[in-house]
Amino acid sequence: MPKGTGRIVIDPFTNGLLTTLFGLEVVAVFAVLLALPGALPAGCPLTGPQAFAALAVTCLALFPLIGLVKLIAGHACALLSRTALAHLGDPVAKVKTRNKLRDQSWQLTIHSAMTALEAYILFVDGGGEHWLDDYRSLWTPHPHQQVNSKRSVHLLYLLQMAIWIVTCASHRFLEERHKDYVMMYVHHLVTIALFALSYGFNFVRIGTAVIFLHDSSDIVIDLLKMANYLKLEGRRGGFLVEGTFAATLGVWAYTRLYLYPVRIVWQGVWYGSREVVTAPGAYGMDGFTAAAGSPFTRGHSPGAKLGDGSFDLWANLRALPTHATLPGYWACGSLLTALLVMHVIWYMLLWRLLFRSVLGQTLHDGGADEYEGGSDDDHED
């Protein structure tokens, strides 16, 4: 961002590269649905062409829905700003601030709606699932043998893929830019790739758990950003910025820095998938066992039970760096780890804001400096 201009400038080469990658991802997703009908996981109620049409229609339908949500939110927040929040100086009088608030209102809407659907899948539909607390359930039976008959799971993937394609397009072409524009762009691209890989490999169980942790924890930060735009801090603002900031620190620490890295990235993927999928007698392992002369040459101990902590991951990696029963292991694990790195960076940003507030700067001003970028060129209606 050039000093004093208040404008966020993105390197054209980086922006062009990311946009090209985005275009390639979208083309690949739709091409696979048409050209590889067998790419859909068992239990999907749609054929490839039907899924192609459903995804295209959903993407197109989202644009007017986004516009409607933003229109309603924009008018509602402008009215609130001029009346109930007039004592705060009409906080969304500036066009850029109001646009950012409208953008965030859509994020809050979609995160709330998707969290409800994901919670229904994990805790209600068919009696609920143990995909968040028992990594063995993610890989038993093997994904090649799993038939996910819950229509809610396939609906979730359809909606999420459409949402992220549209969100990425909106991020690139429509929304106000923030200082983390490039990292958010990378985040969107990684997310689209993960959705495509997890659905294609039938890793929908761990995929659903991942989505739930992200969407549910995004609700608090959506509320934080909206409260910040409305300047609802201090006694005059009911301490809403401070309250949602504290909630964000707590929720993100638990969901994104504990549950996600421990239950998903480590237990669910890097460690747990290999322990379960390559276990003695597991699907597709007979040939390797016969060649090795024993089922206990890849990190498992005689008499051990899955989940008892005796599995030796490093021995397994040495004996079996890749295998047909572990499709996408390195790609999915690396992408999920990349998301974790982004979580850590964003969480450090939150602590930087807290440190600046301790030194006397308000959270609103700190957020403007660290995340939003300047607004010197902003103007009122």
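Colleague: What does the accessible surface of the protein come to, and what percentage of it belongs to carbon and sulfur atoms?

Modeller: Please bear in mind that this is a predicted model. Its accessible surface comes to about 17,400 Å², and carbon and sulfur atoms account for 67% of that area.

Colleague: How many helices and how many strands are there in the protein?

Modeller: The protein has 12 helices and 0 strands. The radius of gyration is 23 Å, close to the 21 Å that the globule rule gives for 381 residues, so the protein is as compact as a globular protein of that length. Along the principal axes, the C-alpha atoms fill a box of roughly 75 × 50 × 45 Å.

Colleague: Which residues touch the most other members of the largest nonpolar core?

Modeller: The general idea is that nonpolar side chains in soluble globular proteins tend to be buried together. Here, 51% of the 381 residues count as buried. The largest nonpolar core holds 97 residues, and those touching the most other members are Phe22, Leu55, Ile165, Ile206 and Tyr260.

Colleague: With which residues is Leu55 in contact, leaving aside its neighbours within four places in sequence?

Modeller: Leu55 is in contact with Val29, Phe30 and Leu33, and also with Leu158, Met161 and Ala162. For the protein as a whole, 76% of the contacts between residues at least 6 apart in sequence join residues at least 24 apart.

Colleague: How far apart are the mean positions of the positive and negative charges?

Modeller: The mean positions of the 28 positive and 30 negative charges are 1 Å apart.

Terms used:
Residues numbered from 1 in each chain as written. Predicted model: local features only at pLDDT ≥ 70, side-chain atom pairs only at ≥ 80, totals over all residues. Heavy atoms only, no water. Helix = DSSP H or I, 4+ residues; strand = E, 2+ residues; numbered from the N terminus. Rg over C-alpha atoms; globule rule 2.2 N^0.38 Å. Buried < 20%, exposed > 50% of the residue type's maximum accessible area, 1.4 Å probe, protein only. Contact = heavy atoms within 4.5 Å. Areas by Shrake-Rupley, 256 points an atom, 1.4 Å probe, with all protein chains shown as cover. Lys, Arg positive; Asp, Glu negative; His and termini not counted. Charge placed at Lys NZ, Arg CZ, Asp CG, Glu CD. Core = buried A, V, L, I, M, F, W, Y, C linked by side-chain atoms within 4.5 Å.
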